[in-house]
Amino acid sequence: MRRVIFIVMTLIMMPLFISNFATINVFGQDEAETYIYLVDSEPYGIPYYKWTESWWNWLVGIPAGSSPALDMDGTECQKGMHYKYPVFFLAGTLNDTASRNCTVPSDVSIFFPATTSYCYNTFAVNRTEGQLRACASLQKSDTNTKVTIDGSDLNTFAYDITNARVQSNLFGIEAPEDNILGISAQNISGIAAGNWVFMKPSVFSPGIHKISFAGKLNGTLSDVSYSLNVTGSSK
């Protein structure tokens with residue numbers, strides 16, 4: 001028996017209705033590496049795969065009633081953002097469509113998966129690490145997965161999102177009551193896989209910026225859009 005949760009993320013560019021800022025295009029003709037940590041790097045001295053584990057712990061550790069993944073308008077986008085490291089996590093949706101407005105400091109990195117999945121054990125299901133790893137290996141993004149930042153498609157900037165794939169080691173999560181996995185409160189362990197984007201700090205100047213990412217995983221497509229109001233320092 002496999003118990004796997006998929007978060008498939010798609011963002012759609014949205015019109016700006018009311019703002020004191022102009023929409024600012026980040027990417028010119030430079031390579032994406034100028035703005036993005038590659039998957040073989042160690043942002044802030046931490047292996048990339050460890051960041052994917054932190055992202056999953058962040059998301060699952062928040063009760064479903066206030067989960068950023070179930071938030072339709074961005075009200076919960078700051079949930080759990082304590083800035084131990086200057087990194088801001090964005091969530092997708094659970095097979096749904098959302099349009100979110102979110103305020104983000106200008107001096108933090110932004111980390112999100114275009115698509116991601118987590119194969120895990122529970123009290124009722126106990127598989128070996130090899131079985132979990134094989135399960136995670138099967139969860140791959142559709143070739144049409146796309147990430148757009150301020151109108152620029154990352155696939156045109158030497159960053160092929162379908163190849164920006166990271167698979168974690170075995171790691172644990174403390175799932176609270178009313179969690180998005182739909183299981184009882186318990187400690188679980190599993191392996192995550194996904195296609196990720198890790199933007200470097202201070203890429204966005206103050207103003208309104210748009211991030212969109214579209215992906216299909218195992219035939220499931222979900223849509224979410226972010227309009228980011230980038231402000232001053234997080235300190």
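The model is predicted, so local features need pLDDT of at least 70 and side-chain atom pairs count only at pLDDT 80 or more, while totals for chains, interfaces and linings use all residues. Residues are numbered from 1 along each chain as its sequence is written, and side-chain values use heavy atoms, with hydrogens and water left out.

I begin with the helix. Helices (H or I, at least four residues) and strands (E, at least two) are DSSP runs, numbered from the N terminus. Helix α1 covers residues 48-60, and its 13 residues should span 18 Å at 1.5 Å a residue; the end C-alpha atoms lie 19 Å apart, which agrees. The expected span is 1.5 Å times one less than the number of residues.

Which residues of α1 are buried? They are Tyr48, Trp51, Thr52, Glu53, Trp55, Trp56, Trp58, Leu59 and Val60. Buried means under 20% relative accessible area, exposed over 50%, and partly exposed in between (1.4 Å probe, protein chains only).

I turn now to the aromatic pairs, of which the structure holds 18. Rings of Phe, Tyr and Trp (its six-membered ring) pair if their centres lie within 6.5 Å; planes under 30 degrees apart count as stacked, over 60 as edge-to-face and the rest as tilted. Trp51 and Phe198 form an edge-to-face pair, 5.5 Å centre to centre with 90° between the planes. This pair joins helix α1 to strand β9 (residues 186-199) across 147 residues, and both Trp51 and Phe198 are buried.

Trp55 and Trp196 are also edge-to-face, because their ring centres are 5.3 Å apart and their planes stand at 80°. Trp55 in α1 and Trp196 in β9 are 141 residues apart. Trp55 is buried, at a relative accessible area of 0%, and Trp196 is buried, at 0%.
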